[in-house]
Amino acid sequence: MTKSILFFGFLLVFLGLTLPGTQGRNIPCELVKILRNHGFQGFVGKTVADWVCLVQHQSNYSTHAFRDEGKSWDYRIFQINNKYWCDDGKTHGTSNTCRINCLKFLDDNIEDDIRCAKIIAKEARGLTCWVAWKKHCKGKKLDSYVKGC
């Protein structure tokens, strides 16, 4: 009985610490607004819906997503890879095309993430660098990603 009460108490504390910031928030629509304000509509010939679809399938809208790809790492909401786009100080031979330390992507400010994502898209002449975009978004009807926003 005591273990059940402790577990339940822990669960309540955990939920209380993690859910309040997201309750009642429409993350996709917040992202749509941010992307529109940063000139993503029409950038490299893509729509905001393309970008929202990309983000959903790359990081599930998580600004704290971090993925181990074996010999490289993907950071944050756009899953920016350290082998090509940022420098983590550990990965030998990184291109660091965005000229940024990867750890900057771990703070709460996504301005640097946005800047780098635009550099990636401009260099690639589109969103083909993102596997999730090619697999889930390319050539598909994407209106639902921005509907109601």
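Here is a short walk from the whole chain down to single side chains.

Before you click, know that this is a predicted model, where local features need pLDDT of at least 70, side-chain atom pairs count only at pLDDT 80 or more, and totals for chains, interfaces and linings use all residues. Numbering starts from 1 along each chain as its sequence is written, and side-chain values use heavy atoms, with hydrogens and water left out.

**Stop 1: the whole chain**

Start in cartoon view. Of the 149 residues, 36% are buried; here buried means under 20% relative accessible area, exposed means over 50%, and partly exposed is in between (1.4 Å probe, protein chains only).

**Stop 2: the aromatic cluster**

Now select Phe40, Phe43, Trp51, Phe78 and Trp130, which form one aromatic cluster. Rings of Phe, Tyr and Trp (its six-membered ring) pair if their centres lie within 6.5 Å; planes under 30 degrees apart count as stacked, over 60 as edge-to-face and the rest as tilted. That rule gives eight aromatic pairs. One of them is Phe40 with Phe78: the centres are 6.4 Å apart and the planes are at 10 degrees, so this pair is stacked. Phe40 sits in the loop between α2 (27-37) and α3 (48-59), and Phe78 in the loop between β2 (73-75) and β3, so the pair ties together parts 38 residues apart in sequence. Phe40 is buried at 0% relative accessible area, and Phe78 is buried at 1%.

**Stop 3: salt bridges**

Side chains of opposite charge can pair when their charged atoms come close. The structure holds six salt bridges, each a side-chain nitrogen of Lys or Arg within 4 Å of a carboxyl oxygen of Asp or Glu.

- Select Asp113 and Arg76: they meet at 3.3 Å, N to O. Asp113 is in helix α4 and Arg76 in the loop between β2 and β3, so the bridge ties together parts 37 residues apart in sequence. Both residues are buried.
- Next, pick Arg67, Glu69 and Asp74, linked in a network of salt bridges. Asp74 and Arg67 meet at 3.7 Å, N to O; Asp74 is buried at 8% relative accessibility, while Arg67 is partly exposed at 31%.
- Then go to Lys141 and Asp143, whose closest N and O atoms are 2.7 Å apart. Lys141 is exposed at 69%, and Asp143 is partly exposed at 48%.

**Stop 4: a nonpolar patch**

Which residues form a nonpolar patch on the surface? Select Phe66, Leu103 and Leu106, with about 290 Å² of accessible area together. Leu106 lies in the loop between β3 (80-81) and α4 (111-124) and is partly exposed at 39%. Phe66 is also partly exposed, at 43%.

Key: Patches are made of residues with over 30% relative accessible area and no salt bridge: like charges are joined within 9 Å, nonpolar side chains (Val, Leu, Ile, Met, Phe, Trp, Tyr) within 5 Å. Accessible areas come from the Shrake-Rupley method with a 1.4 Å probe; for residues, only the protein chains shown count as cover. Helices (H or I, at least four residues) and strands (E, at least two) are DSSP runs, numbered from the N terminus.
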